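Student: Please show me the structure. I would like to go through it by question and answer.

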Amino acid sequence: MKAALLAATTSITATREAQAELPPFPSVVETHKAMVYSIAWQFLHDRVAADELAQDVFFQLHKNWASIQSPAHLLFWLRKVATHRAIDAARKRKAKAETSLEETDEPTVLERVHDSFLASYLKRMVASLPEKQRSVIVLRYQEDMELEEIAKVLSMNVSTVKTQISRALELLRGKVSRRLGKENVR
Amino acid sequence: MTPFEEELKQALQRQEPGGDFTARVLARCAAEDAKKRSSLWHSFWTAPAWRVGAVAAALVLVAGGSAYEQHEREVKRETRGMEAKRQLLLAVRIAGTKLQEVRQRVKESEQIEQ
Amino acid sequence: MKRPFLKLAIIAISLSPVWAADDLKLPINLDKLAERATESVDVTLDQSTLQLASGFLSKDDPDEVQVKKMIGKLKGIYVRSFEFDKEGQYSMADVQALRAQLKAPNWSRIVGVKSIKGENTEVYLLKNGDQIAGIVVLDAEPKELTIVHVDGSISPEELSRLGGHMGIPEFSKQKKKAKKDSSSDAKEDEQEDGQSER
């Protein structure tokens with residue numbers, strides 16, 4: 001009984017200490033606004049809509065601030081809520097700003113040699129990926145998250161995350177290879 | 001990570017939202033907090049047992065209250081303005097989308113006639 | 001094929017109780033449609049609210065700069081939009097009172113398109129001499145009803161120029177894209193269901 005009580009108290013103390021590490025809310029907004037906005041942008045491709053969605057995420061965070069347990073939990077919470085809201089919003093809008101891979105403009109011969117064009121081309125192709133693939137690609141390569149973290153945020157198995165990343169990369173590599181020449185794909 | 005994945009990472013770098021994003025979020029949260037406070041305030045004033053003490057407290061508050069009210073007014077104005085902007089952009093988006101759909105349907109019906 | 005209709009939660013900021021200007025009044029029975037709709041949009045922006053909003057538009061965002069220029073000549077923007085989960089939740093009789101007002105002499109119907117899918121779209125312009133003083137778009141689809149009234153000096157072309165910006169689809173690219181998006185999404189889901197661990 002005593003041990004259980006001690007464990008519970010330690011846990012509460014640890015939680016309070018972790019909560020005490022949380023920066024003030026305005027600082028959290030300033031620190032993480034680019035992350036939340038960029039996740040929204042990757043699904044909506046609309047500055048206004050992404051801004052609105054990002055605002056909604058922080059507003060919800062403000063309402064749920066007491067439930068945030070630690071800086072790590074804060075980051076997880078923001079990524080999860082932002083991603084899920086962005087996916088829902090994109091579904092509703094049917095991603096009007098997306099460009100189908102097949103419709104992506106052919107680059108000119110001169111453009112092919114510039115890496116900056118490759119970057120903008122890649123952005124457009126990521127925008128055209130199916131929703132699940134786009135989610136994992138954004139969380140992996142924009143947010144630098146580990147597969148296990150991505151799996152938790154998206155409520156998927158780790159194996160599904162791996163599969164989706166693999167398929168997405170294959171798709172993207174194939175398109176780059178065909179459009180911009182094989183030398184760009186390694 | 002392969003070079004292709006590095007390129008992908010470069011391409012997907014984060015973007016910043018508009019310059020006043022943090023201020024807008026904080027204004028919205030402050031407006032929400034003000035709404036909650038005013039409903040608490042109202043129930044405080046209408047509870048009979050508290051009225052005598054509340055009158056005395058109110059006299060103290062009035063002195064410091066005007067600065068707070070000024071701030072509240074500004075926050076409310078900003079919140080109202082930002083909300084009006086959201087509504088405006090929403091309306092423009094719907095109107096623009098509908099007109100584009102109309103153009104599309106006109107084109108489709110012309111094609112059918114041909 | 002799905003059209004890019006914006007599904008939006010109920011947002012009601014009624015800052016003016018009626019649709020203003022030129023006595024164009026929104027039929028009261030439309031409010032009852034919101035009860036049957038799965039999602040609805042209710043935007044009422046009179047001139048003072050438009051001016052307030054204009055003050056908050058960003059000077060750095062080219063889309064917002066364009067919107068600011070556009071609304072400078074407007075007296076109001078009003079949107080009522082309803083989405084239903086099944087057909088038959090409204091009838092054209094619900095909008096008959098509005099269409100009757102649009103038969104007034106200064107209103108001209110410039111577009112009337114009916115499709116075999118049951119979509120019925122009309123665009124009306126209010127003329128004040130040679131000037132356009134208002135636009136009404138009435139879009140009736142089997143599971144969606146949208147009415148947009150822009151009160152003031154604006155041309156449909158100005159609004160159309162926003163295509164490709166602010167999430168507004170670009171003319172002529174929509175249909176192909178929507179087809180491709182829905183077929184690639186469906187394929188992906190099938191593959192996902194059948195997939196095994198690697």
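Tutor: Start with a definition: buried means under 20% relative accessible area, exposed over 50%, and partly exposed in between (1.4 Å probe, protein chains only). This is a predicted model: local features need pLDDT of at least 70, side-chain atom pairs count only at pLDDT 80 or more, and totals for chains, interfaces and linings use all residues. Residues are numbered from 1 along each chain as its sequence is written, chains are lettered from A and ligands numbered from 1 in the order in which they are written, and side-chain values use heavy atoms, with hydrogens and water left out.

Student: Is D144(A) buried, partly exposed or exposed?

Tutor: D144(A) lies in the loop between α7 (131-142) and α8 (147-154) of chain A. Helices (H or I, at least four residues) and strands (E, at least two) are DSSP runs, numbered from the N terminus. The relative accessibility of D144(A) is 43%, so the residue counts as partly exposed.

Student: Which residue meets D144(A) in a salt bridge?

Tutor: A salt bridge is a side-chain nitrogen of Lys or Arg within 4 Å of a carboxyl oxygen of Asp or Glu. The N to O distance is 3.2 Å, and the partner is K9(B).

Student: How many salt bridges are there between chain B and chain A?

Tutor: Over all chains, the rule gives 21 salt bridges. One of those between the chains joins E52(A) and R93(B), at 3.9 Å from N to O. The count between chain B and chain A is seven.

Student: Which helix of chain B gives the most to the side that touches chain A?

Tutor: Contact means heavy atoms within 4.5 Å. By that rule, 27 residues of chain B and 41 residues of chain A take part. In chain B, α1 (3-11), α2 (21-46) and α3 (51-113) each supply at least two residues of the touching side. With nine residues, the one that gives the most is α2(B).

Student: What area is buried between chain B and chain A?

Tutor: Buried area is the accessible area (1.4 Å probe) that two parts lose on being put together, summed over both. Carbon and sulfur atoms give 62% of it here. F4(B), L12(B) and R14(B) supply 21% of the area that chain B buries against chain A, more than any other three residues. The total is about 3,500 Å².

Student: Why are R86(B) and E83(B) separated by about one helical turn?

Tutor: An α-helix has 3.6 residues a turn, so residues three or four places apart point the same way. The side chains of R86(B) and E83(B) meet in a salt bridge, 3.2 Å from N to O. Both residues sit in helix α3 of chain B, and they are about one turn apart because their spacing is three residues.

Student: Which residues are joined into one network with E83(B) and R86(B)?

Tutor: E83(B) is partly exposed, at 24% relative accessible area. Salt bridges that share partners join E83(B) and R86(B) into one network with D56(A) and R28(B).

Student: Where is the kink in helix α2 of chain A centred?

Tutor: The bend at a residue is the angle between axes fitted to the seven residues ending there and the seven starting there. 16 of the 20 residues of α2(A) are buried, so the helix is largely enclosed by the rest of the structure. The kink in α2 (residues 25-44) is about 55°, centred on H32(A).
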